[in-house]
There are 2 protein chains.
Amino acid sequence: MSDLAADAAQDQVAASLDAADPLAPLRELFVLDDGTVYLDGNSLGALPARVPKRLAEVVSREWGQLGIRSWTESGWWEMPQRVGELIAPLVGAGPGQVVVGDSTSVNVLKAVVGAVRIARERAAGRPSGRDELLLDEATFPTDGYIAESAARLTGCALRPVAAARVPEAVGPRTAAVLLNHVDYRTGTLNDLPALTAAVREAGAVGVWDLCHSAGALPVGLDAHGVDLAVGCTYKFLNGGPGSPAFLYVRSALQERFDSPLPGWASHADPFAMDPAYAPAAGAARGRVGTPDILSMAALEEALTVWDGVRIEDVRAKSLALTDFFLRCVAAYTGAGAEVAVRSLTPAEHARRGSQVALLCDPAERAEGVMAELIGRGVVGDFRRPGVLRFGFTPLYTAFQDVERAARVLGEVIGGPR
Amino acid sequence: MSDLAADAAQDQVAASLDAADPLAPLRELFVLDDGTVYLDGNSLGALPARVPKRLAEVVSREWGQLGIRSWTESGWWEMPQRVGELIAPLVGAGPGQVVVGDSTSVNVLKAVVGAVRIARERAAGRPSGRDELLLDEATFPTDGYIAESAARLTGCALRPVAAARVPEAVGPRTAAVLLNHVDYRTGTLNDLPALTAAVREAGAVGVWDLCHSAGALPVGLDAHGVDLAVGCTYKFLNGGPGSPAFLYVRSALQERFDSPLPGWASHADPFAMDPAYAPAAGAARGRVGTPDILSMAALEEALTVWDGVRIEDVRAKSLALTDFFLRCVAAYTGAGAEVAVRSLTPAEHARRGSQVALLCDPAERAEGVMAELIGRGVVGDFRRPGVLRFGFTPLYTAFQDVERAARVLGEVIGGPR
């Protein structure tokens, strides 16, 4: 088959895949520029079309007209729990366990310090000291920085390990284990059920960072007995730039969850203005200060795109999209290219998130390649050293987008033709 | 003078005061309902008229069209420092010391843990241990809860004291002192210059909570040698519900500021994704996670109302407003009322913030009185036990608003007539 014929073949495959895609109509719920292929939803999700109107209403009517009364009349005060309930089914959590607010980093501190305290309470009176904190060595940096701070504040030693080595590394001295569900750089999906079981077996408390999995694939927090989890809402949940993160604390642990950030919004009776702290029951215990209403309202509206959508269907399409991208990249690049690309993302479905990371050789060409791609309307991002990241949001990414992205990449780096 | 004559007199005084008010034109910059007297700007400031348009642009153009590129092209990444520079002159801070982000509660943790660490570093090698944290005993609750957490995380003992007693209480064992500039309940203004000097003299590090003073009166952070300060932006700075708070770290202390929340946005080179933490220089060291752009953009636009406004003029009007309110309350309430009211707010200007707190007798009537006031278009708020709070935002409150509020209060509680 000639190269031109191969191109035409991928084009046709893309068109057929789109025609058969049950999620294709969801694209209409987003604001997308038809001239651009947006493959950076793993960094900032696209704008859901209903958000501008809702935000305008919150600003002009709820703040501008009702003012302070909106804390009760517009349901502002309860928003962190209410929006948490919208996220819960997407990560496999039953009611009353997810709360929204603060950044992911702040939630990592709450979760890790909380986890260490729970582990120590459990271990009280036993010989083992629980003075070690295990950290995914490939973690997104902020988790590592905050874990180091949490270790220092709780008197733990911090030990980075490869996620896959956790079952060997976790032991009677381990208080808590902080893991990323999907590696932000390579797109590798860690084995949450097995690693959670290993952590639990060792008597430690696990914390999962779901930033790159929430909204992209089934997480099954309750089903797999996860202890605590955090995640952001501006990637696959499309909440907007810097939208508030979420915290999950398993029901059975909530009574023992002892936050290092016990702000007034987590008090059992916040408006009593009691000088003595008494923590709220349930998910509200993870709250801190006055909730950020504008951003949370945008997120709440953004989550309406999930009405009637099954996360299993999203996962199926995500895998189909990344499979197809890898296939197109193989077709459009290779021999004769000035820059070689090699996927860092596992080929096995069970180990793949919803992104593909391509390592460039030579690595120093990667930043320029991404700039050129963006200039030609294919938006991914670049991560040092030498990695091109492409994120695939099944709600609004078409197979024809994928084909175009790979084709333009081939043109930029000099493909087989 | 008959009561009716007295009413007429206050009416006329109000009209003359408004006619002579140089800040009166600023009211046009806000969305206000002419049928309502909004005296709750000490809880949630009114909507600045330019905010809805700006926010719509950020959502539709910056997020919707530019997407991820807005982190650089729309200046999102630098926004925490840029908005900090807009707040700085209002609190008497020179450049490079104020950063915006997170809630007040989260900033209290950063500031207090940071203060304890600085005090201990200074005391290293000396006999005194610096193991005590002094807390304003009348503090807004969240500061107390977070201070308790900070004490626990740093191994300090927490000791509540009256703000005025700090000079006697602070000593060689004191690491840090957390004080409220204006008491949220009574409106009492604490003596920041004298208390700051006493804390410094004792070798401790001071943290001021400016939630109820920022935007209401001159704070003079640099002039008085304040070490660290935090404050919210949704009260007298009108940033919107739950808008992000700010953190001030004096230039001379920034190198030693060691945050308990070292998120990736505070890294010296965030996009290097370095597993090792290296703190940024300057105000950026107080950042944590990905900044919350929608809320911060609303705040940035809200701060444009301060263009050309001197905080000293705002203070002069604030005192005139609260003086006039107290005078009208005295005229419209008193003998024969079913509910007696007594001001908890100091009469002396040097000890008064920008609110008036009236204690009701009987106290259990207060909540009903406030509900009735709100029903009649006078919006203040109620704080247990028995306190009616009225906040006066000089940028948009007229003397005729004040007269009406006092008059309606007299009608509700049964005044002298």
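**Group meeting: domain and chain interfaces in a predicted two-chain model**

Across the interface of domain 1 and domain 2 of chain A, there are 6 residue pairs in polar contact, both partners at pLDDT 80 or more. One caution before I go on: this is a predicted model.

Who supplies the domain 1 side? Helix 11, residues 311-332, strand 12, residues 355-361, and strand 15, residues 387-391, of chain A each give at least two residues to the face of domain 1 that touches domain 2. Helix 11 of chain A gives the most, with 5 residues. By type, that side of domain 1 of chain A splits into 14 nonpolar, 6 polar and 7 charged residues. Charged residues are there, then, on the domain 1 side. Yet the count of salt bridges across the interface of domain 1 and domain 2 of chain A is 0.

Now the bounds. In chain A, domain 1 is assigned as 3-31 plus 310-413, and domain 2 as 54-306. Their contact takes 27 residues from domain 1 of chain A and 18 residues from domain 2 of chain A. The two centres, over C-alpha atoms, are 31 Å apart. The buried area between these domains of chain A is about 1800 Å², with 64% from carbon and sulfur atoms.

Next, the chain interface. How much area do chain A and chain B bury between them? About 5700 Å², and 66% of that is on carbon and sulfur atoms. On the chain A side, A:Trp63, A:Tyr145 and A:Pro241 lose the most area to chain B, together 14% of what that side buries. Each chain puts 71 residues into the contact: 71 from chain A, 71 from chain B.

Polar terms next. Between chain A and chain B we have 23 residue pairs in polar contact, both at pLDDT 80 or more. Several elements of chain A give two or more residues to the side that touches chain B: strand 3 (47-48), helix 2 (51-66), helix 5 (104-123), helix 6 (141-154) and helix 10 (293-302). Helix 6 of chain A gives the most, with 8 residues. The side of chain A that touches chain B holds 41 nonpolar, 18 polar and 12 charged residues.

There are 4 salt bridges between chain A and chain B. Take A:Asp258 with B:Arg152: the closest N and O atoms are 2.5 Å apart.

Stay with A:Asp258. Which partner does A:Asp258 have inside chain A? A:Arg117, in a salt bridge with the closest N and O atoms 3.6 Å apart. A:Asp258 sits in the loop between helix 9 (251-254) and helix 10 of chain A, and A:Arg117 sits in helix 5 of chain A, so this pair ties together parts 141 residues apart in sequence. Buried or partly exposed? A:Asp258 is partly exposed, at 27% relative accessibility. A:Arg117 is buried, at 14%.

A:Glu300 forms a salt bridge with A:Arg82, closest N and O atoms 2.8 Å apart. A:Glu300 is in helix 10 of chain A and A:Arg82 is in helix 4, residues 79-87, of chain A, so the link joins parts 218 residues apart in sequence. A:Glu300 is buried, with 12% relative accessible area. A:Arg82 is partly exposed, with 30%.

That pair belongs to a network of salt bridges: A:Arg50, A:Arg54, A:Glu57, A:Arg61, A:Glu62, A:Arg82, A:Glu300 and A:Glu301. Over all chains, the salt bridge count comes to 55.

One from chain B. B:Asp102 and B:Lys110 meet through their side chains in a salt bridge, 2.8 Å from N to O. B:Lys110 counts as buried, because its relative accessibility is 1% and the cut-off is under 20%.

A:Thr233 lies in the loop between strand 9 (228-231) and strand 10 (246-249) of chain A. A:Thr233 is buried, at 0% relative accessibility. Beyond its neighbours within four places in sequence, A:Thr233 contacts A:Ile87, A:Asn238, A:Gly239, A:Ser243, A:Pro244, A:Ala245, A:Phe246 and A:Leu299.

Then B:Ala280, in the loop between helix 9 (251-254) and helix 10 (293-302) of chain B. B:Ala280 is buried too, at 8%. What does B:Ala280 touch, not counting residues up to four places away in sequence? B:Ser266, B:His267, B:Ala268 and B:Arg285. The C-alpha atoms of B:Ala280 and B:Ala268 are 3.7 Å apart, with the two residues 12 apart along the chain.

Terms used:
Residues numbered from 1 in each chain as written. Chains lettered and ligands numbered in written order. Predicted model: local features only at pLDDT ≥ 70, side-chain atom pairs only at ≥ 80, totals over all residues. Heavy atoms only, no water. Domains from an automatic or database assignment. Contact = heavy atoms within 4.5 Å. Buried area = accessible area lost by both parts, 1.4 Å probe. Polar contact = N/O pair within 3.5 Å; in protein donor to acceptor, adjacent residues only side chain to side chain. Helix = DSSP H or I, 4+ residues; strand = E, 2+ residues; numbered from the N terminus. Nonpolar A, V, L, I, M, F, W, Y, C, P; charged D, E, K, R; others polar. Buried < 20%, exposed > 50% of the residue type's maximum accessible area, 1.4 Å probe, protein only.
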